[in-house]
Amino acid sequence: MIEETAIVTVEPNKLLQLIKEKLMAAGLKEAHAQETAKHLVFADACGIHSHGAVRVDYYAERIAKGGVTIEPEIVFEKTGASTGIVHGDNGVGQYVCDEALKYAIDLVQESGLALVGVSRTSHSGALSYYVKKAAEKGYLALAMCQSDPMVVPFGGKQTYFGTNPIAFSAPRKGSNPIVFDMATTVQAWGKILDARSKNKEIPDTWAVDAEGNPTTNPHNVNGLLPISGPKGYGLMMMVDILAGTLLGLPFGKHVSSMYADLTEKRNLGQIYLLIDPARFTDSEVFKENIDKMVDELHEIEPAKGFDQVYYPGELSQTRYDKYMAEGIPIAASIYDYLVSDTVHFNQYGGKGAFAE
Ligand code: NAI
């Protein structure tokens with residue numbers, strides 16, 4: 001048994017300010033630190049603690065060591081009526097990918113469809129942040145990105161693909177969009193990090209140790225498992241091809257590792273597909289039908305052990321509304337770091353993918 005650490009509740013604006021100041025102390029420009037902090041607060045408020053404030057120490061170390069471009073030249077290259085590539089120049093991921101989303105939204109407004117790749121960025125965080133923003137403007141949105149090769153392919157011993165997440169969002173009539181957002185692994189690596197920060201055991205279905213055996217100790221993880229064996233393995237390959245190979249970026253085991261060399265840029269890829277429903281159907285009827293779908297899902301009788309059927313993203317939305325109003329729970333160890341004078345603990349650089 002490992003001992004769990006304490007949780008503290010932090011007012012959202014205070015959390016945003018603390019994160020922003022820490023990232024600026026590491027070297028980020030204000031606009032970039034502001035957007036990154038906004039994104040991380042969103043993630044924690046949604047209960048996606050794997051992609052919230054837990055990341056600040058690592059980001060600060062990478063920024064301070066030169067692994068992120070401080071003043072990136074972000075360039076949109078339009079490659080067709082509905083296509084384009086945003087060259088991110090390895091700026092901080094949350095800022096670059098948010099800028100790229102703006103270009104994608106302009107393009108979908110223009111042509112009804114946008115397929116926009118983000119070439120050379122750093123870690124982009126929780127993808128729901130981006131797709132939800134697009135859906136709030138009335139578009140269907142799909143986002144995918146590459147991540148470090150930390151997953152054992154189906155039937156293999158060594159890691160090859162990343163946790164390569166997929167997020168999807170669709171607008172509703174007068175409510176928050178539905179948002180589906182998942183790593184193609186049983187759990188995202190950030191969930192392991194979150195468990196580490198809280199010294200909390202993980203289920204034995206998430207990951208394997210150095211011997212390839214299932215482990216419940218987050219500190220012993222040495223490979224993640226794809227969702228549903230060969231099916232998740234296929235999905236993560238699809239993501240890597242669309243968000244990496246298609247953009248001429250490194251793929252599979254050649255994707256840069258999060259912790260290997262913090263002085264090097266990461267050169268990661270991300271892709272957005274945005275669709276204007278009005279190009280296919282009456283967009284108001286479309287939104288009403290999404291609402292109807294949600295209502296019908298809510299009417300389904302819950303199975304034993306469940307209180308109700310939720311639409312994808314509903315629990316995150318409920319947490320977001322509650323935490324933004326009442327304060328966001330984060331690990332006390334993270335809060336202590338955020339209020340301290342320490343810019344970063346210098347603990348990630350030069351480590352393997354599964355750094356302690
Ligand atoms: P998760 O397992 O917590 O949730 C997956 C999906 O299931 C979500 O859409 C959630 O709303 C839905 N869900 C959960 N419980 C539900 C219920 N009872 N009823 C209905 N729907 C339910 O997510 P996961 O796989 O741990 O991913 C966490 C985050 O990590 C995501 O935001 C993802 O984008 C991010 N990520 C980012 C990476 C990057 O490199 N930028 C890499 C990998 C993941």
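Predicted model: local features only at pLDDT ≥ 70, side-chain atom pairs only at ≥ 80, totals over all residues.
**Notebook: patch, pocket, cavity**

Started at Leu115, which sits in strand S4, residues 113-121.

Since patches take residues with over 30% relative accessible area, I then checked who joins it. Leu115, Met238, Leu242 and Leu246 make a nonpolar surface patch of about 310 Å².

Going by elements, two or more lining residues come from each of helices H2 (30-46), H5 (128-136), H6 (189-198) and H9 (314-326), and from strands S7 (178-182) and S10 (268-275). H9 gives the largest share, five residues. I also sorted this lining by class: 22 nonpolar, 20 polar and seven charged.

How many cavities of 30 Å³ or more does a search of the whole structure find? I count one. The volume of the largest cavity is about 50 Å³. Around it I listed Tyr58, Tyr59, Arg62, Ile63, Val68, Val92, Gly93, Gln94, Ser122 and His123. Helices H3 (56-65) and H4 (93-111) are the elements that give two or more residues to that lining. H3 has the largest share, with four. By class I noted five nonpolar, four polar and one charged residue around this cavity.

Methods: Residues numbered from 1 in each chain as written. Heavy atoms only, no water. 1 Å grid on protein atoms, 1.4 Å probe; cavity = no way out; pocket = protein on both sides within 12 Å on 5 of 7 lines; lining within 4 Å. Points joined across faces, edges and corners; volume = space filled by probe spheres on them. Nonpolar A, V, L, I, M, F, W, Y, C, P; charged D, E, K, R; others polar. Patch = residues over 30% accessible without salt bridge, like charges linked within 9 Å, V, L, I, M, F, W, Y side chains within 5 Å. Areas by Shrake-Rupley, 256 points an atom, 1.4 Å probe, with all protein chains shown as cover. Salt bridge = Lys/Arg side-chain N within 4 Å of Asp/Glu carboxyl O.
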